[in-house]
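Colleague: Could you walk me through how to read the features of this model? I would like the general idea each time, then the case at hand.

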Amino acid sequence: MAQDVVVSVQHVWKEYIHYHHILTSLKEVVLHLPRLARRLRESRFLALKDVSFEVYRGEVFGIMGHNGAGKSTLLALIAGVMKPTAGTVTVRGRIAPLLELGTGFQYDLTGRENIFLNGILLGMTRRQIQKKLDDIIAFAELEPFIDEPVRIYSSGMLARLGFAIAIHTDPDILLIDEVLAVGDEAFQKKCLKKLDALRKEGVTMIFVSHNRQQMEQICDRILHLKNGQVQRIERIRQSHGAEPTATTATTTDHEEHTHHPTRNAH
Ligand SMILES: Nc1ncnc2c1ncn2[C@@H]1O[C@H](COP(=O)(O)OP(=O)(O)OP(=O)(O)O)[C@@H](O)[C@H]1O
Ligand SMILES: [Mg+2]
C-alpha cells in the first residue's frame, strides 16, 4: 500500500443474510425442506458489490447515496466492526468511528461515565480521558446534564456527546456517519469549524451524509454509491493531504489492520 494511502478498499463485497426469513420459515423445515433451501438462498442480500477506492492521508472523503445504498455498511467495514464477505479493507492508523447514533452508549450510565466508557473503547487511557474530560463536556455543551443518565438525553444531545468524544481522541482517521445532521444549526457550525481545524492538522476524515451542500463544503472527494456499487468518485478540491505537511512528515506509528475475505462473515 502506497505510503500516503491510509484506507484501501479493494474489491469488497458484503453479503447480509436476513435471519428473520430463516426464523419465520423454521416450521417449514419439517414440511418443505426444498422450499426452505430456496428461501435461504433468497434471503441473502448483497449490500456492497465490488467496491474499490483509496483514501489518502489528510483527505476529507465523502460517501453519498440513497437510503440503503450501503454507506453505513462501508463505514462499518472500515471501522473494523464487520468483515467483508470478499475483498480486503486495509487501514493504516488509529480510527475513531462515529457510527450511527447511540451506538456505544450505555443508557443507564451518566454522560460522564459514557465518556470514560467510549474513550476506553476508542483506545484512550483513563488518564488521557481525565485530561480531556472538561473539554469534551464543554464542546458538547452538556454541563448541566453530564451527571444524568444518557437515557434522558435528546438525540441531538447524544449526537453532540458522541461527536465531542470522537474528536478528542486524537484519531488519525475520523469516521462520521450522518451525525452532523442531528445537532442544531449552531452546533453544526461549531462542528464544521472544528473539523476544519482537524483537517488542517492532517486528520483524515470519512463522512457519510445526504446533505450535498454540506458535503461539497467539506469534502475533497465524494464517492457516490448506488445499490451497493461505486457510481463515480467526484473531485471537489485538492486535498490538504496532497501536500507534504509537517503533520504527515512526523507521523511514524503506523498500525495496519487488514480484513481478509471470508465467506462466513456477516
Ligand atoms: N445487519 C444487517 N443485516 C441485514 N441487512 C442489512 C444489515 N445492515 C444493513 N442491511 C441492508 O443493507 C443495505 C445497506 O444498508 P446500509 O445501512 O449500509 O445503507 P445506508 O446507505 O447507510 O442507508 P441510510 O441512508 O438509510 O443510512 C440495506 O438494504 C439494508 O437493509
Ligand atoms: Mg446509514
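**Reading contacts, strands and a ligand shell**

Modeller: Let's start with one residue: beyond its neighbours within four places in sequence, F207 is in contact with V60, G62, I63, I176, M215, I218 and C219. Contact here puts two C-beta atoms, placed from the backbone, within 7 Å of each other. This is a predicted model, in which local features need pLDDT of at least 70, side-chain atom pairs count only at pLDDT 80 or more, and totals for chains, interfaces and linings use all residues. Residues are numbered from 1 along each chain as its sequence is written, and chains are lettered from A and ligands numbered from 1 in the order in which they are written.

Colleague: Which strand holds the bridge partner of G62?

Modeller: Strands (E, at least two residues) and helices (H or I, at least four) are DSSP runs, numbered from the N terminus, and two strands pair if DSSP finds at least two bridges between them. The partner of G62 is F207, in β7. Strand β3 (residues 60-64) and strand β7 (residues 204-208) are parallel, with four bridges. β3 also pairs with β8 in the parallel sense, again over four bridges, and there I63 stands opposite L223.

Colleague: Is β3 mostly covered or uncovered?

Modeller: In a regular strand the side chains alternate between the two faces of the sheet. In β3, V60, G62 and M64 point one way while F61 and I63 point the other, and all are buried. Buried means 20 or more other C-beta atoms within 10 Å of a residue's own, exposed means 12 or fewer, and partly exposed lies in between, with C-beta atoms placed from the backbone. The strand is mostly covered, with five of its five residues buried.

Colleague: How many residues does the largest nonpolar core have?

Modeller: In soluble globular proteins, nonpolar side chains tend to be buried together. A nonpolar core is a set of buried Ala, Val, Leu, Ile, Met, Phe, Trp, Tyr and Cys residues joined through C-beta atoms within 7 Å. The largest one has 61 residues, and I78, L174, L175, M205, I206 and F207 have the most contacts inside it. Helix α7 (residues 155-167) supplies the largest share of this core, nine residues. The core lies between domain 1 (1-94 + 171-266) and domain 2 (101-170), because both give residues to it; the domain bounds come from an automatic or database domain assignment.

Colleague: How do β1 and β2 run?

Modeller: They are antiparallel: nine bridges join β1 (residues 5-17) to β2 (residues 44-56), and S8 has E54 as its partner in β2. β1 also pairs antiparallel with β4 (residues 86-92) over five bridges, where Q10 stands opposite T88. Look at H11, too: this β1 residue has a positive phi near 45 degrees without being a glycine. H11 is partly exposed, with 13 other C-beta atoms within 10 Å.

Colleague: Which residues are around ligand 1?

Modeller: A residue counts as near a molecule if its C-beta atom, placed from the backbone, lies within 6 Å of it. Around ligand 1 these include Y16, H18, F45, N67, K71 and T73. β2 and α4 (71-79) each supply at least two residues of this shell, and α4 gives the most, with three.
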